[in-house]
Amino acid sequence: MNINKSILLVEDNPQDEKLILRALNKVNLANQVDVVRDGQQALDYLFREGEFAAHQGDELPAVVLLDISLPRVSGLDVLKRLRNDPKTCLQPVVILTSSDEERDRLKSYENGANSFVRKPLDFAEFAETVARLGIYWMAVNKPPLE
Amino acid sequence: MRIRTRLQVVAAAAVALVVTMALLLYWSQDQLAAATSAGSLADEIAISLFERSLSRSDYLRNDNQRARMQWGAKQRQVDELIKRASTRFDPATAGTIIDRMRMNNTESAAVFAQIVANRDSAHSGRRRPEQATEIENQLEGQLLLKTYDIIADTRNLQEAIRARIAATQQTVTRVSLAFIAAVAFLVIIASWSLGRLVGKGIANLQLGAAAIGAGDFRHVIPVAGEDEFAEVARAFNRMSGALAESRAALEEEVAARKRNAERIEQLNRELSANVSQLLGANQELDAFAYAVSHDLRAPLRAMAGFSQALLEDFADKLDGEARDYLDEIIIGSRHMGQLIDGLLTLSRSTRGELRHDPVDVSAMAERIRRELELPQPKRRVTWHIEPGLCATGDERMIEIVMRNLLDNAWKYTAGNTEPVIRVSAEMEGSQRFFCVADNGAGFDMAHAGKLFQPFQRLHRQDEFPGIGIGLATVQRIVHRHGGTLHGAGAPGKGATFRFSLPGEGGAAEYPQKETA
């Protein structure tokens, strides 16, 4: 278990944010979640720039849960930026989106996403999916940089 | 005069010449023959005279009485010959000679008779031998002279013959030359005038043909006289007139066609514009449907999610009724989610490229059957799926069609004791139809018009749940493949849905506008 690791949730919808946090809370991962609400904030967080300049020395999160439709900078652009930079090119990224469009899925993988998860409509399923995600990426998966 | 006539005249002249020459030759031959025979007659006279002389000589020397007879015979012969000669010879040239010859011959006979009488006197003693001999010598001399005269005259006759032959030849030569000159003259004149005529005629025709060939259909070839060239010239003029007319007609038609083509092009432009507009409108509609259904999901998730959260986290603080209300909210959300999904599927069914792949419909049906049976293992349904059913089309979309139809069949036979679902194919005319039939609840054909309209249902929610978008989607997909969809049923007796998927040659696919 990566106790010191964090999860970065990039989600602009406040209700989805609440529901995701609640689900992660159920599996005791809520206090390790950092939330940013648009693409630019996500980049600033990951590159330790802008409002997050103070966090220079922090470790990168174990996983980034990234929505596609985000204000300012879109999820896919964030992904591209991450993959282009040597500091963050190995960062595990899970695209968590309500879109089930084939082209969104393909574009995500083409741009280097590690995983593509659709937000289920059914809430119970949604909560379970999020919980499983959290457990997998925090406990089961081994990140590139220990 | 026509050229042919001219040529005929020349030919006739040539023929006339030949004929005349032939006649002339014939005539001259004739003359020659006559002359020759006349000549031989003269020779015969000479020979007979010579023979008569022999007889005389024989008589006078030998006193041969027979010779005396022969002399007489010969003299008569000569007379006869001279008579014949008078018919053979031209009296003008030889008349005098022949008369002289006859006279001499007759006188010869008289002289001979005197000689004979003299001999007889000598023999009878009436005359002294010396006297008789002297008289005989005189008479013989006379006879000889006469004989020589006749012979000389025969030579004159030969001369006359030769002269005649010469004259004939001269005539022939002169006449021939005259004729040849005349005909040559005629031929030269005719050739020259004919040549000029033909030359001019051909020159005119050449000019005319060149002008017409160059496109000047109004050129008129001058028509002179009534000969063949005139006819040809007229024919050419008619031809050029006809050409001018047909060209005018062609130009008219070309202009008309050009106008038509322009009109068609204009119509095409308008059509393309309309098509673009329609395509644009369609794409916008689809994009709208997609965006709407997408954007509707998030708040739906919130509604359902927090209702569920309430139920879970505050179960102890809520009484039964409160929990029921929350359940209703959740059910409503779920229903709305299904509607959104249905809308999304409907909108997706007309987006994207329509593929044309071979699809194993039987295998697809079997797969869907298993997926339907798995969650409800207790349901016993009799399936008849015809093996080897193949279609050509978009597999993804055909899957939606089969899923919807089989889903419906499964759903609407829920109340049956002996449910039967059949998947088959049949030919209607030249078109192949796939059929999904069940013996379930069916529907009232009176409402068949609503069958394929979105959200129009023919059963109540408590009878059979559903949102009423399945068949609308099926119809859209089938139509996109260029096929037709028919539904038939009767309440309580089941329903049959038939659709066709024309392989190639379905509805023309318009290129989708690319959206990023």
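Begin by selecting chain A and colouring it by secondary structure: along the sequence, its elements follow the pattern β-α-β-α-β-α-β-α-β-α. This amounts to five helices and five strands, where helices (H or I, at least four residues) and strands (E, at least two) are DSSP runs numbered from the N terminus. The model is predicted, and for that reason local features need pLDDT of at least 70 and side-chain atom pairs count only at pLDDT 80 or more, whereas totals for chains, interfaces and linings use all residues. Residues are numbered from 1 along each chain as its sequence is written, chains are lettered from A and ligands numbered from 1 in the order in which they are written, and side-chain values use heavy atoms, with hydrogens and water left out.

**Chain A as a whole**

Keep chain A selected and colour it by accessibility. Of its 146 residues, 55% are buried; the term buried stands for under 20% relative accessible area, exposed for over 50%, and partly exposed for the range in between (1.4 Å probe, protein chains only). The accessible surface of chain A is about 7000 Å², with 49% belonging to carbon and sulfur atoms; such areas come from the Shrake-Rupley method with a 1.4 Å probe, and for residues only the protein chains shown count as cover. Among contacts in chain A with a separation of 6 or more, 65% are between residues 24 or more positions apart, a contact being heavy atoms within 4.5 Å.

Next, select Asp67(A) and Lys119(A) and display their side chains. They meet in a salt bridge at 3.4 Å, N to O; the rule asks for a side-chain nitrogen of Lys or Arg within 4 Å of a carboxyl oxygen of Asp or Glu. Asp67(A) sits in the loop between β3 (63–66) and α3 (75–84) of chain A, and Lys119(A) in the loop between β5 (115–118) and α5 (123–140) of chain A, so the pair ties together parts that are 52 residues apart in sequence. Both residues are buried. Now extend the selection to Glu11(A), Asp16(A) and Arg301(B): together with Asp67(A) and Lys119(A), these residues are linked in a network of salt bridges.

**Aromatic rings and a charge in chain A**

Move to Tyr136(A) and Trp137(A). Their rings form an edge-to-face aromatic pair, 5.2 Å centre to centre with 90° between the planes. Rings of Phe, Tyr and Trp (its six-membered ring) pair if their centres lie within 6.5 Å; planes under 30 degrees apart count as stacked, over 60 as edge-to-face and the rest as tilted. Tyr136(A) is partly exposed at 38% relative accessible area, whereas Trp137(A) is buried at 7%. Then select Tyr45(A) with Arg48(A): Arg48(A) lies over the face of the Tyr45(A) ring, 5.0 Å from its centre. Such a charge sits over a ring if NZ of Lys or CZ of Arg is within 6 Å of the ring centre and within 35 degrees of the ring normal.

**The interface**

Show both chains and select the residues in contact between them. Here 20 residues of chain A meet 20 residues of chain B. The two chains bury about 1800 Å² between them, 51% of it on carbon and sulfur atoms; buried area is the accessible area (1.4 Å probe) that two parts lose on being put together, summed over both. Four salt bridges are found across this interface. For a salt bridge between the chains, select Arg22(A) and Glu312(B), whose closest N and O atoms are 3.0 Å apart.

**Chain B**

Finally, select chain B, which has nine helices and seven strands. Of its 516 residues, 36% are buried, and its accessible surface is about 30100 Å², 58% of which belongs to carbon and sulfur atoms.

- Select Glu253(B) and Arg257(B), a salt bridge with closest N and O atoms 2.7 Å apart. They are four residues apart in helix α5 (residues 228–313) of chain B and therefore separated by about one helical turn. Glu253(B) is partly exposed at 39%, while Arg257(B) is exposed at 56%.
- Select Arg355(B) and Asp357(B), a salt bridge with closest N and O atoms 2.9 Å apart. Arg355(B) is partly exposed at 45%, as is Asp357(B) at 23%.
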